[in-house]
Amino acid sequence: MPTLDYLINERPPLRLRFLQPGHASRHGATRVTEVVVRPVTELSRTLTDSSFESGTLFLVTLDAPQPSRAAVQALDHVIRLLNRGKAAGLVLNTPGHDLRTLPDATLAAANRLELPLLTTSAETAAWDHVNADLRLRRAEFAERQVEHLDGLLNRLPARLADPTAVRRIADWLSVALDAEVLVSSARRGVLAAVPDSAPAGLAHAVITGAHEAAAGASTPAGPDRGTPAPGGALHTRIVSISPGPPGSEDEARLAIASPTPFDSAGTALIQHAAKLLGLCDQARREHQARVETPRAVRHAAFQLLMRGETVLAQVVYTGAAQALLDTDSARVYVVDTGPQEREATLSWCERALAEQAIVSACPGKPKHILILDPVRESDRVETVLKDMIAARQGHLMGQSRLHPLAETAVGYLEALTAVGDAAGTPHRISLGGSRAKFAPLLPRREARAWAADLMAPLLDAFPGRGDERKLLLETLPTALSFKHTEAAGGLGIHRNTVTQRLNRAGKILSLDLRGSANDRILVLLALDILALPHTPAEAPDDTEAPDFAALMAAGAADGGSKAWAEERLRAVRADQRDLVETLCVWLENNLSTKETARALGLSEATVRNHTRDAATLLGMDFSTRMVGITDTDVVTVADIALALHVLLGRPALRQPTGR
């Protein structure tokens, strides 16, 4: 929008200036919509209250450089009319001469009414095309405003509570105004900053609440952005976007800094952006109160249940739904949302299963949703989830067996394993339990005592320095499941480093981790057991560690281990290539392809194909990706060996000598 500053700075032929220099900073940004020219002799008989519109700049042509008494009276009358019409100002034109003086009473009246007074010595003809230029500038301004508003609206997300909304608006506002932008809160800190250095540059302005940099506050602005402030000073604007909840003292503010003054278009844009940012902040607060806080409570309760802390979970999960945890047994579901956004399904599950189940986003797997179903008389939760999976393509679901509430972690592992198999089922739903890893099937107290005893030299009395123990523990799961070259690729290290770490760990544990498949399998089993969630009641401190044979006997007491092994090996036992025999010989020969081929009378290529196909059928990942010591859902060579050992007695696993 064209202003008085624009006519003064960008239209030199008009020879326009403020009669009182101090008015430049006060009235320079006043908008001008049109210029009306009248000679002083016509003022009294042609002017009425309806002669002016808001934004009109009235130009009076005087006959002489010093107005007569009659002209002064007419000007006083015009000043009152212009004030009532909210005009942009009054220009006194003395062609070819500078205005010499104006009565103090007239100046006082204009100042009292805050009407800008300007003078010009240009000929009247110099003003002939001003209105055409003003119309062009107004059209450009309107077009730019529409473009700005369109751009601003395009930055709005589908959901105002989207945590990226504030950043997206700040990014766009910074580009549109060529300025630094900071959205902050006294309690929550920086909500968005563009560029990243904006908080440092705007810190003083935010703290003090200053709006315009003193060095540039009076710099006249041009038609678009204006003249840069001298000496590198920045022009700033601080706008409150959200007062925060009553009594919270959590006001959110928008701060903008630019080397050039903000014109009317920029100021309007800042106000529009502030309103949208306020809506986003308010929506975010409401979303947090309505959704995020209850989610945090559910997540905390679920994690406590995973650790077996049922009483603490009941304390945390307060409210009307607390009765959900007043149950003896529960079932766990894991929903994999696949390529679709998890948020939509998570919100749907929260609404559909409110006060029926505990729903939580999995913190470690970005596409997984966890559901704890406290089993009642009804199977409504299962029915709702199955209908949801059927309606949402790309979704998978794993379901655990029924477990005591204190064994939620076991149910989670079953459901987690099952969801990995769900893609191969007709309805994309798989029931866990029969395909779970071996470690959860063992009696927990005895298993932890055995595993802790086997790994004690590395975990308890380790003589290494710095991060060596951490490096060894990170290496073992992958290095014990693959050849050194393959393991090195999965771990992203050199094969010699794998060899060195295995030698070092074997020496500490007094085990042969390179030459003995028996020792490799037992260490993998021990790591699986120690990675399982446990409660303080399961601590092995007061339990004597059994040997491996006694542990296996305890695990087989209820027949669960044999049923697991039969189900685990069903696919490979049905293969006509006798993959079971190949696996047994391969394990008995310490995973050596060459020795296995010699024993079976096959080519090495055939052995490699057989072991790879068998491992794939058994769910082992042959991509050699890095396996962490807490990845309790990843099938390793130990699970294959243990299934064969339980069912066939091969390989003949035993407690290491001297352990």
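Visitor: Why are helix 22 and helix 23 called roughly perpendicular to each other?

Guide: Helix 22 (residues 593–600) and helix 23 (residues 604–617) pack at an angle of about 105°, with their axes 8 Å apart. Angles of 65 to 115 degrees count as roughly perpendicular, under 35 as roughly parallel, over 145 as roughly antiparallel and the rest as oblique, so this pair is roughly perpendicular. The axes are lines fitted to C-alpha atoms, for helices over the stretch in contact, and the angles run from 0 to 180 degrees between N-to-C directions. Helices (H or I, at least four residues) and strands (E, at least two) are DSSP runs, numbered from the N terminus.

Visitor: Which residues make the contact?

Guide: Thr593, Lys594, Thr596 and Ala597 of helix 22 meet Glu604, Val607 and Arg608 of helix 23, where contact means heavy atoms within 4.5 Å. By class, two are nonpolar, two polar and three charged. Here Ala, Val, Leu, Ile, Met, Phe, Trp, Tyr, Cys and Pro count as nonpolar, Asp, Glu, Lys and Arg as charged, and the others, Gly among them, as polar.

A word on the source: this is a predicted model, in which local features need pLDDT of at least 70 and side-chain atom pairs count only at pLDDT 80 or more, while totals for chains, interfaces and linings use all residues. Residues are numbered from 1 along each chain as its sequence is written, and side-chain values use heavy atoms, with hydrogens and water left out.

Visitor: What makes helix 14 oblique to helix 15?

Guide: The axes of helix 14 (residues 444–459) and helix 15 (residues 468–479) come within 11 Å and cross at roughly 140°. That angle makes helix 14 oblique to helix 15. Met455, Leu458 and Leu459 in helix 14 meet Arg469, Leu472, Leu473 and Leu476 in helix 15. This contact has six nonpolar residues, no polar ones and one charged.

Visitor: Why do strand 7 and strand 8 stand at the edges of their sheet?

Guide: The sheet is open, with four strands in the order 7-6-9-8 and antiparallel pairing. Strand 7 (189–194) and strand 8 (235–242) each have a single partner strand, so one side of each is left without a neighbour in the sheet.

Visitor: How do you know that strand 6 and strand 9 pair?

Guide: Two strands pair if DSSP finds at least two bridges between them, and six bridges join strand 6 to strand 9, which run antiparallel. Val183 stands opposite Ala192 in strand 7, and its bridge partner in strand 9 is Leu254. Leu254 is also the bridge partner of Val239.

Visitor: What makes strand 9 largely enclosed?

Guide: Six of the seven residues of strand 9 are buried, so the rest of the structure largely encloses this strand. Buried means under 20% relative accessible area, exposed over 50%, partly exposed in between (1.4 Å probe, protein chains only).

Visitor: Why is Ser561 called buried?

Guide: Ser561 has a relative accessible area of 3%, so it counts as buried. This residue lies in helix 20 (residues 560–573). Not counting residues up to four places away in sequence, Ser561 touches Phe438, Gly555, Ala556 and Val646.

Visitor: Is Cys584 buried or exposed?

Guide: Cys584 is buried, because its relative accessible area is 0%. Cys362, at 6% relative accessibility, counts as buried.
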